[in-house]
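Student: Could you show me, step by step, how to read a structure that I have not seen before? I would like the general idea of each feature, and then the case at hand.

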Amino acid sequence: MKSNQTGGSPAQYELEALSEQETAAFAEAMAKLAFPGSVLAVDGDLGAGKTHFAKAFAAALGVQDIVNSPTYTLIKEYEGAELPFYHMDVYRLSLEEADELGLDEYFHGNGVTLVEWASLIEPILPSERLHLRLETTGAESRRMVCSPIGSQYEAWCIALGLKPVKGEEQSG
Ligand SMILES: Nc1ncnc2c1ncn2[C@@H]1O[C@H](COP(=O)(O)OP(=O)(O)O)[C@@H](O)[C@H]1O
Ligand SMILES: [Mg+2]
């Protein structure tokens, strides 16, 4: 029995990037679809490319500043061409701390938020978001799995031309 399905199975989509340039190109294409309040929940092991993705994503939003890993600062705010960009790394945060920091104000603001290690704070993520999981498949290659929650993010995956993942968990 599955508990998380209210209306149809949440689809997953995937893409293989064979170089860091391909990862950046994917991030740029995704940034073009961003709207006020967009939330990207990114996961993946250390070195998978979360920050690399975030830098290209920020650049495509028109952020001029240098985007560095926010591991120690937890959250950094940038000015994009049209939308603010909020870059978080919640690796060192407990759920309680994340809650106390008022991260949800960012999620519900007008900017675009990208959270590294987002699954650590899953309970306080907004109800609609795009999950992106990066998996290292080789020195230069990464598998990227997108799980959209909400129709706007489902539309992103389709606009990006991503390939649906053949469902291991889905029986039908
Ligand atoms: N296809 C790829 N996509 C993203 N990063 C890649 C890729 N191939 C190699 N890399 C390298 O992997 C490293 C990823 O580091 P980083 O983005 O800081 O990871 P994370 O934030 O997930 O810990 C960088 O040194 C980057 O140059
Ligand atoms: Mg990082």
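Tutor: Let us begin at the ligand: helix H2 gives the most to the shell around ligand 1, with three residues. A residue is near a molecule or strand if its C-beta atom, placed from the backbone, lies within 6 Å of it. Helices (H or I, at least four residues) and strands (E, at least two) are DSSP runs, numbered from the N terminus. This is a predicted model, in which local features need pLDDT of at least 70 and side-chain atom pairs count only at pLDDT 80 or more, while totals for chains, interfaces and linings use all residues. Residues are numbered from 1 along each chain as its sequence is written, and chains are lettered from A and ligands numbered from 1 in the order in which they are written.

Student: Which residues come nearest to ligand 1, and what classes of residue make up the shell?

Tutor: There are 17 residues around ligand 1, and those that come nearest are Thr23, Gly49, Lys50, Thr51 and His52. For the classes, Ala, Val, Leu, Ile, Met, Phe, Trp, Tyr, Cys and Pro count as nonpolar, Asp, Glu, Lys and Arg as charged, and the others, Gly among them, as polar. By that division the shell holds nine polar, five charged and three nonpolar residues. Helix H1 (20–31) and helix H2 (50–60) each supply at least two residues of it.

Student: Which residues of H2 are buried, and what covers them?

Tutor: A residue is buried if 20 or more other C-beta atoms lie within 10 Å of its own, exposed if 12 or fewer, and partly exposed in between, with C-beta atoms placed from the backbone. In H2 the buried residues are Lys50, Phe53, Ala54, Ala56, Phe57, Ala58 and Ala60. What covers them includes H1 together with the strands S2 (39–43), S3 (75–79), S4 (84–89), S5 (112–116) and S6 (129–136).

Student: How is a nonpolar core read, and which members touch the most others here?

Tutor: A nonpolar core is a set of buried Ala, Val, Leu, Ile, Met, Phe, Trp, Tyr and Cys residues joined through C-beta atoms within 7 Å. The largest one has 44 residues, of which Ala41, Val42, Phe57 and Leu61 touch the most other members. H2 provides the largest share of this core, six residues. Contact between two residues requires that their C-beta atoms, placed from the backbone, lie within 7 Å. Apart from its neighbours within four places in sequence, Leu61 is in contact with Ala31, Ala34, Gly80, Ala81, Leu83, Phe85 and Val112.

Student: How do S3, S4 and S5 pair, in the parallel or the antiparallel sense?

Tutor: Two strands pair if DSSP finds at least two bridges between them. S3 and S4 run antiparallel and are joined by five bridges, with a hairpin of four residues linking S3 to S4. Across this pair, Tyr78 has Phe85 of S4 as its bridge partner, and Lys76 stands opposite His87. S4 also pairs with S5, in the parallel sense and over five bridges, where Met88 stands opposite Val115. S4 is mostly covered, since five of its six residues are buried.

Student: What partners does strand S1 have?

Tutor: Strand S1 (residues 13–17) runs antiparallel to strand S7 (residues 142–149), and five bridges join them; one of the paired residues is Ala17, whose partner in S7 is Arg142. Two bridges also join S1 to strand S8 (residues 163–164), again antiparallel, and there Glu14 has Lys163 as its bridge partner.
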